[in-house]
Structures are given as structure tokens and as C-alpha cells.
Amino acid sequence: MDKAALRRALIEERLNLPDRLQRADLLQQVMRIWLVNRPDTVIGAYWPIKGEFDPLPALHRWKEDGELLDEPLRRRIGLPVVNKQHKTLTFHAWHPGCPMEEDAYGIPKPKDTEVIVPTLLFVPCVGYAAGGYRLGYGGGFYDRTLATLQPKPFTVGLGFTHGYLDDFEPEEFDLPLDAILNDNGVVWPV
């Protein structure tokens, strides 16, 4: 399997989905419902690139909903900041309107906000397969980060239905996700 070619094809497909906005609306709903009874108060996510699903509107709503509870919860959202030397990620507090700057790869990241440790981590999927395996961009940032985070957060892949791969063979260092959500609902575990 030529993973580089597969990545390029899936990204191109995703960018050209004629109904990508409708799919994104459906995945926002799936994500919001899935979060309802989660106990987490610190969630890590990502800044969407290359036509990825944007989890931030649903997470901002989740954060606001925590403030409306009878006993308000201080919920926090973190976005990744790349450590280029170690090729790992740390998560820095994010909220709408917080100062942002580009990282070494041109992706926006929070500027000068505190490091937070998520108990739940939403991960973008270029593709995904049975068993909770994801196809990412090939840099290994999430796998290396998850190998070092203690305690290990609950990991959830986010992607559109077009990214499902029937014949994906994970490699020995690929770590399965705990769940995968797409615009049709929960894909893993089934």
C-alpha cells in the first residue's frame, strides 16, 4: 500500500466533496451528542487544515454548556503546538479570539497560552479503518505524543465517511484510537 499516494487521493477527495458543508454539519451534531455525558473538562483538538472537519464550534459550545450547569464546570480546550525537535505535541489553552500565530508548518496555534493536559483528544483522520486505526499525514506526531502523555487521554478520530478504508493495514507503531466519529455517527467501537 502506497500510503503517500493514498493520503494525496483522500485529501483531494475530501477537498472536492460537493456536500462537505452538509457532512460537517452532521458531524458537528454527532460530536455534540457524543460529548453529552463525557466527564472530561480538558479536551485537546486541532486547527483544521486541508478540508478537515472543524471540531472547534462543537467544542466551544461544549465549553459554554459547562458554564450553564447547576454547578458550573470550567471546561478547557487545547490546540496542539509542535515541538519540531522531538516531533511531539503539547496542548495550549484556546478560546475563540485568543491570540494566534503560525507554527513551523504554517498552522495557527495559540500564542503564549498555558499548557494543558487533555483527558480526551480529538484527532483528525485523513482515513480510518476497522480496529480504530487512522491514516494521518505521516509525520507520527500524534503517535509519538500519545506514547508519552500520562495519563493517556481517551482518543477519538474525526473524519468524513469517504475516508473509511476497507483494506488498511496498520504498521507496528500505529496506535488504535478509542473511538472514531464520522458524519454518520460512531464508527468505532461498533
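Contact is taken here to mean heavy atoms within 4.5 Å. The structure described is a predicted model.

Two packed helices are described by the angle between their axes and the distance between the axes. For helix H2 (residues 20-35) and helix H3 (residues 56-67), the axes come within 9 Å and cross at roughly 30 degrees. Angles under 35 degrees count as roughly parallel, and H2 and H3 are therefore roughly parallel to each other. The crossing of H2 past H3 is right-handed. On the H2 side, the contact is formed by Gln28, Met31, Arg32 and Leu35, which meet Pro57, Ala58, Leu59, Arg61, Trp62 and Asp65 of H3. Six of the residues in this contact of H2 with H3 are nonpolar, one is polar and three are charged.

In soluble globular proteins, nonpolar side chains tend to be buried together. In this model, the largest nonpolar core comprises 37 residues, and Leu35, Leu59, Phe122 and Leu158 have the most contacts inside it. Two or more residues of this core come from each of H2, H3, strand E2 (76-83), strand E3 (88-94), strand E7 (120-124), helix H4 (141-148), strand E10 (154-158) and strand E11 (179-182). The most is given by H2, with six residues.

Leu35 belongs both to the H2 side of the helix contact and to the residues with the most contacts inside the largest core. When residues up to four places away in sequence are not counted, Leu35 touches Ile43, Leu59, Trp62, Leu120 and Phe122. Another core, of seven residues, lies apart from the largest one and includes Ala129, Leu135, Leu165 and Phe168.

Technical notes. Residues numbered from 1 in each chain as written. Predicted model: local features only at pLDDT ≥ 70, side-chain atom pairs only at ≥ 80, totals over all residues. Heavy atoms only, no water. Axes fitted to C-alpha atoms, helices over the stretch in contact; angles between N-to-C directions. Helix = DSSP H or I, 4+ residues; strand = E, 2+ residues; numbered from the N terminus. Parallel < 35°, antiparallel > 145°, perpendicular 65-115°, else oblique. Left-handed = near helix turned anticlockwise from the far one by under 90°. Nonpolar A, V, L, I, M, F, W, Y, C, P; charged D, E, K, R; others polar. Core = buried A, V, L, I, M, F, W, Y, C linked by side-chain atoms within 4.5 Å. Buried < 20%, exposed > 50% of the residue type's maximum accessible area, 1.4 Å probe, protein only.
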